[in-house]
Amino acid sequence: MAALEDLLDDYMFRSESETDRNEKFAALMKAFLRADEEWAAQFDAVWSWDEWPEHEGPCDGIDLVAREHDTENLVAVQCAFHDPSQPLSKPEVAPFLSASNKAPFTGRLVLATTDTWNKDLEEEIQDDEIPVTRIGLKQMLDSSVDWARFRPQTVAAAG
């Protein structure tokens, strides 16, 4: 547990900018989706937005794209580095929800360093045609991933 918290602390306090911190966190979440037993079994590929062969233009909140192993369906992923004591809010996720609520995506996944979402965000996703799955900090801490193997300088290589 402490290894993940140490990584997140490192990103929070040693990143050169918010952009740098978010890029590091997205690389860590890419590695997480590949290393966690449950998610690695579900996805046969996970790309950053820029690596994804079909990307066009800026990411608009989509950090990663994952392809489901059995169906080859595409899942848009947002990685939200967020204060764990505060709920994730609708304005923070709105660009992602808008960009990912259309083909070719059949699913959406939000990986956040908080376990709570505010009421407006909960209501926003309730009736969306493309479902939103979420993974919060507790699920990351309880996952099968050996976080100790990740060091700030090795995350990009593992991703």
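**Close-up 1. Salt bridge between K119 and E123 within helix 5**. In this predicted model, the side chains of K119 and E123 form a salt bridge with an N to O distance of 3.9 Å. Both residues belong to helix 5 and sit four residues apart, about one turn of the helix. An α-helix has 3.6 residues a turn, so residues three or four places apart point the same way. K119 is exposed, at a relative accessible area of 61%, while E123 is partly exposed, at 43%. The structure holds 10 salt bridges; two others are shown in the next views.

**Close-up 2. Salt bridge between E124 and K90**. The N to O distance between these side chains is 3.0 Å. E124 lies in helix 5 (residues 119-126) and K90 in helix 4 (residues 90-100), so the pair links distant parts of the chain, 34 residues apart. Both partners are partly exposed: E124 has a relative accessible area of 32%, and K90 one of 33%.

**Close-up 3. Salt bridge between K30 and E51**. Here the N to O distance is 2.6 Å. E51 is partly exposed, with a relative accessible area of 42%.

**Close-up 4. Helix 2, residues 18-35**. At 1.5 Å a residue, the 18 residues of this helix should span 26 Å, which agrees with the 25 Å between its end C-alpha atoms. Buried residues of helix 2 include D20, R21, F25, A26, L28 and M29. K30, A31, F32 and L33 are also buried.

**Close-up 5. The largest nonpolar core**. This core has 29 residues, and those with the most contacts inside it are M29, F32, L33, L111 and W147. At least two residues each come from helix 1 (2-14), helix 2, strand 1 (43-48), strand 2 (64-68), strand 3 (74-80), strand 4 (105-112) and helix 6 (137-141). Helix 2 gives the most, with seven residues.

Close-up 6. In soluble globular proteins, nonpolar side chains tend to be buried together.

Methods
Residues are numbered from 1 along each chain as its sequence is written. This is a predicted model: local features need pLDDT of at least 70, side-chain atom pairs count only at pLDDT 80 or more; totals for chains, interfaces and linings use all residues. Side-chain values use heavy atoms; hydrogens and water are left out. The expected span of a helix is 1.5 Å times one less than its number of residues. Buried means under 20% relative accessible area, exposed over 50%, partly exposed in between (1.4 Å probe, protein chains only). A nonpolar core is a set of buried Ala, Val, Leu, Ile, Met, Phe, Trp, Tyr and Cys residues joined through side-chain atoms within 4.5 Å. A salt bridge is a side-chain nitrogen of Lys or Arg within 4 Å of a carboxyl oxygen of Asp or Glu.
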